[in-house]
Every structure is written in structure tokens, then in C-alpha cells.
Amino acid sequence: MRTIQIFDPALCCSTGVCGVDVDQALVDFAADVDWARQNGARVERFNLAQQPLAFAENPTVKGFLERSGHEGLPLVLVDGDVAMAGRYPSRKELARWAGIVTIGVAPAQSACCSDSGCC
Amino acid sequence: MRFLDHPPRFLFFTGKGGVGKTSLACASAVTLAEAGRRVLLVSTDPASNVGQVFGLAIGNRITAIPAVPNLSALEIDPQDAARAYRDRLVGPVRGVLPDAVVKGIEEQLSGACTTEIAAFDEFTALLTDAGLTAGFEHIVFDTAPTGHTIRLLQLPGAWSGFLETGKGDASCLGPLAGLEKQRSQYQAAVAALADPQRTRLVLVARAQRAALREVARTHEELAAIGLSRQSLVINGILPSGAAQGDALAAAIVRREAEALAGLPVALQALPVDKVALKPFNLVGLDALRRLLADDETDATDDDGAEACAFDAPALSSLVDAIAADGHGLVMLMGKGGVGKTTLAAAIALALALARRGLPVHLTTSDPAAHLAKTLDGAVDTLTVSRIDPREETERYRRQVLASKGAGLDAEGRALLEEDLRSPCTEEIAVFQAFSRIIREAGRKFVVMDTAPTGHTLLLLDATGAYHREVSRQMGGKGLHFSTPMMQLQDPEQTKTLIVTLAETTPVLEAARLQEDLRRAGIEPWAWVVNNSVAASRPRAPLLRRRAANELAEIDAVATRHARRYAVVPLLDEEPVGVARLLQLSAPAGTGV
């Protein structure tokens, strides 16, 4: 089983200084992570504001921050290698990395735009 | 004094900055110590003058006060505590991660909530470690944690989640992440606070209607989480004997009597003590002993407080400078109770009249709403709109709970709900509502009686949320500026006025607001010292002494803090309605 590590930007407190309209992607992703874990995937998340040491101690992540700054986050590592940066992976991508068989995988709950069709 | 009857082990004083918590705490500690009890006095007042009061340096260690047998004191600076707290979290990565990243993390931990939690962290041991305080029968604190902090520490959800399980959902721990001690210790501390056998909470307020309403809310909030043993002290009452033909003093005496007669129902069941305004400064042991003495203050005692020469710019000078620009955003900022709403109204009204034809939009969060009513339609170029902070906050809470709360379990949801009760939430919700109006500032004057702190702006800006919010409100048309943050940073477009009172703690709090705005690249345009007794040129001796005390504070504002400033006199009548509001901005020497 591969280990998927997600290095989140400094997620601000849930009081919503991030604004109320921005976090659907995060909410969906949290649900996808839950789903992946239930299917046996090993997924770890780190928040820059609360676990800065985890960022500093990983040379790949540290190097990424030096090149791209915190604006480049989130960063996704699979078994320590960069798999994706700048956006959260979809449920499908998580499944692929974790080796979960994905026949008939439903999209993340509350798909971002059920009526506008942007997905 | 009823609040000192059968005192329990812990005494906490709570109230707004400048109401006299530290003086009362000092006087109580002296009284108890002189009655033979062994007392520890703990000050977490950022403006702590406990050392000065007793004439020695104290600082962050328990120090015996030689002049008072049985008394020791300890000063905890909440800003230092917050800094130490940030260093614990950020220190290990400083110089390792890029500077911009480190700065971002530090900003997240620079809000008021972090400061409060850090201070609580510091005095937790005083409530729980019997060994540390074994030598003392009473521990007197000159501040108390807020309901929000206590509730947060009580929530199991605050302690699981991110760090323990790495769950990392849309919610996060915020300032609790850097707490050092074990959860069980915080639980024990909260249990001590909520135990009426061990803890008494002394609410301190001035005899003012709005202040008493606010204290009633604090009372109910803290009673609801178990701090049921409470007492109320009304401090600084002007003795009726002080009026003596001085119209201002007579008006204050009358207003205070009315406020006391209309004491909110929630407070009526509490033991109440009234402490008169004293004709001396509360420095030194003798003064502290006399603070709680029952003797009627000799209000006529005129020991040479000179009718002070007073010369400071009036509000009109600021209004003229603002009017010269023809349009722009004017934001008033300051702690609750300093008179932001009244001053915003006075400025808006003066602008509308000074520049006929130029429209002015006054937007206020005045909870009483009577201001908007008296002004709306009074002048045809003045529009008044009102934002109800409670309504906006409630709407915002519902929105966040619906979007972010949907995927959370029960514990996570409880934590999110508590986070949404933080002071920041109201600030953000109100500012969101205001931001709908900000776009008008390109062609008219927009005067707002509130503003977000620099900390909030930085976080909003860092996440891009503020930019999105304003762009959405503007719908692609309207003002031309690079970013909304730049609009607030540009003194041509936005003028931020810091409102304060001519007293030590309020000036210190205002200076802190200014530092916070500067961190966000916003230079406050001016300071306004409101309700100044000195500017009213009183005759009654007690008021003259208060006026003399104000001068040092006004001088600090003029020389140390403000680029430009104005002083607004305390009026005989509450400034309601067009005529009285205009008095506030009348050129010096013509109005009052």
C-alpha cells in the first residue's frame, strides 16, 4: 500500500476568514480522503500553520516551498515523490495512487456544480 | 464592600479596558492582606501598573510586596505570552522555511484569540497547581478569560482532530495548536473557574447605559458556563455633591443616576457595590486603601487642580481635510464603547453639510438603531443605512455551518460552532456586509462606524477571500484599483480614524490597533480622542482633576501615536439628533 501525503496550505481557522464560498473543494476533498481511508488507503495530511515542522523536515516539501512558495500548495506526495501540486486530487486520482479498484466510483458527494455542469 | 464578603480562593475581575479592574484588584488584595490573609495578586493587564502602584518592579515571577505584609504579586504580559507561544510553534522552522511562509504562519497566530489563549495558558498553573500557590489563601486576578475561551477549552473536539488523528477536515484547531500543557490541566482549570466554592467573578463597569448592557451580557454568558458566583462593582460614580453649578457635572450625575435606575434585569439579583470617583490618582498604598473606603468623597475639596489650559485641534479640522477630497471611504475604528457610531454620524453629517451636493452614505452597526432613525432624511444628501451585527453574524454562521459543517461529525461541528462565536466572526460578518457599500466610495463619501482589524485583513488578503468578496460585490464594474487591499492602504481613497478615550488603557488599546493596521500596510490617518472632559473645560473640582489627568494621555496621542488628531468634548447632553451632532464637529470655540 502506498502512502499518500497531502501538505495543505495554512488553512485558517474555521471561523471562516477564508470566506464562506471557498471551501467546497476542501469539504469535498475531506470526504474523498475519508472514503479512501475506508477503502484501506494510507492518507496523511499536514497543515502549514499547525505542523510547520513536517514541512521543514521533508526535503522535497521544503524544496517545493522554496521554489513555489506557499501559494503553490497543496502538494501531494505519493511514497515521497511529488504526484501533484496546486490543487487537490480527485477521488479517482486518490484511488489510482492507492490502488483501490474504482469500478463505479461515485463522484465526491455534493459535486461542485450539479446544475451548472462545470465538472 | 459586598464583593469582598467571605471571599473564595479565587477572585477574578472582568470588564472593559479602562473601567478600573487593576485598581480594584490591587485595592482588594491590599484589603485582604491587611485583614491578615495571605494574598497573591496576578495582573494580566497589558498596561499593568501594579509595579508602579506599589513602587517596585514585579514582572513575571511571584514577588513579595515589602510594604504590605502577606501580599505578593505577579505580572503576566499577555503580549509576551502570545509571542512565546508563537515562538514555540514557529521557532523551529524559522530560517528553515522561506521567510514569507514563516510570516504567514505567524500572522495566523497573531489574533486576539491567540493572545487570550496564551495568557490563559500562563495562569492555568495558578488555578491547578496546589504546590505553586500553597502559601496563599486568596489569588486575585485583574482579568478573567472570556466565555469563548472557556467554552473552547471545554470542547472535546478542540483536542482531537488535526494533531491527534491527522484528520484534517475543513475545520482546524486554530490557536489551540500551540498549547503546552495536558488537556487534563485545562479541564482542571476550567473546573476551578466554574466552581462557586472556589471562584467569584467581579464584574466591573461604569454607570453608563451601554456599558451596563454589555456587562449584563458578560454576566449571562459566564453564568451559563458555570461561573455563577458573581458580584457587580459600579466604579467611578461622580458624587452628586460634585455638580455645584457645573452644568456638565450635573448632567453626568443625572445620566449616571438614570443608568443605575435602569439597571438591566439580569444584573439586579447580583450583589452590587458602588465606588465613587476619587479626587486623587490611584497610585500608592494610601490611595488604594481609600478607594474602597465608604467615606463620602469631599467633592468640593479643591486642592489646586488648575483650570487647565486646553488647546487641541477640534473634529472640524479633520472634517475639513476629509471634505477637500470630494469622495472616499472613512472608517472609524476602536474598542466598543468609545463612541465610534456617534463620531461617524457627526462626521457624515458635517461632510454632507460642508459640501452641499456631494452625497454621503453613513453606514452604521449601531445596535440601538436610534441614530439611523434620527438622521435619515434630515439632510437630503445624506443616506443612512444600518447593518445589524447580530443578524449578519447569524446569517454568516448559518452559511458557514451549511457549507463547511456539512461533512463534519458531531465533535467537529461543535468546534466549528464555537469557532463561529469568536469575536473575529462578528468582525468578518459585519465587514462582509459593509463591503457591499465600499464600492460607492469612488464617487461619494462613505463613512463606516467600524473596520476590520489589520490581522483580519491580512488573513482575508492572504487567502484571497477579500479580493473575491469585493470583486463579486462590484460585479466587474465600478472602481478601478489593483486590489481591494490597496484601496484600503491608499490614504487618498481610504481614511482610517482611530477613536479612543483620554485614559491610559484605552490609549494603549488604540495604539495596539494601530500597530495591527500598520502590519497590514494601513497607516491610520488620524486619531480622535472622544468624550474628553478636558475639552469641555469643566469648573467642578472633581472634573477638573479628571481633565488634568487626561492631558498626559492627549499629549501621548498628539506626540507619540497620531499623525494628526482631534479632541471631542464630553457634552452635557447625549449627542443625538442633527443639532447636537453638529456641535461635535463645530470649530473650536464656537460650539460648546
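Residues are numbered from 1 along each chain as its sequence is written, and chains are lettered from A and ligands numbered from 1 in the order in which they are written. Because the model is predicted, local features need pLDDT of at least 70 and side-chain atom pairs count only at pLDDT 80 or more, while totals for chains, interfaces and linings use all residues; side-chain values use heavy atoms, with hydrogens and water left out.

Rings of Phe, Tyr and Trp (its six-membered ring) are taken to pair if their centres lie within 6.5 Å, and planes under 30 degrees apart count as stacked, over 60 as edge-to-face and the rest as tilted. By this rule there are nine aromatic pairs over all chains. The ring centres of Phe10(B) and Phe141(B) are 6.5 Å apart with planes at 50 degrees, so this pair is tilted. Phe123(B) and Phe141(B) form another tilted pair, with 5.1 Å between centres and 50 degrees between planes. Phe141(B) is buried (under 20% relative accessible area, where exposed is over 50% and partly exposed in between, with a 1.4 Å probe and protein chains only), at a relative accessible area of 1%, and Phe123(B) is likewise buried at 4%. Phe10(B), Phe12(B), Phe120(B), Phe123(B) and Phe141(B) form one aromatic cluster.

Elsewhere, the axes of helices H16 (residues 389-403) and H18 (residues 423-438) of chain B lie 8 Å apart at an angle of about 100 degrees, the axes being lines fitted to C-alpha atoms over the stretch in contact, with angles from 0 to 180 degrees between N-to-C directions, and helices being DSSP runs (H or I) of at least four residues, numbered from the N terminus.

Definitions and conventions:
Helix = DSSP H or I, 4+ residues; strand = E, 2+ residues; numbered from the N terminus.
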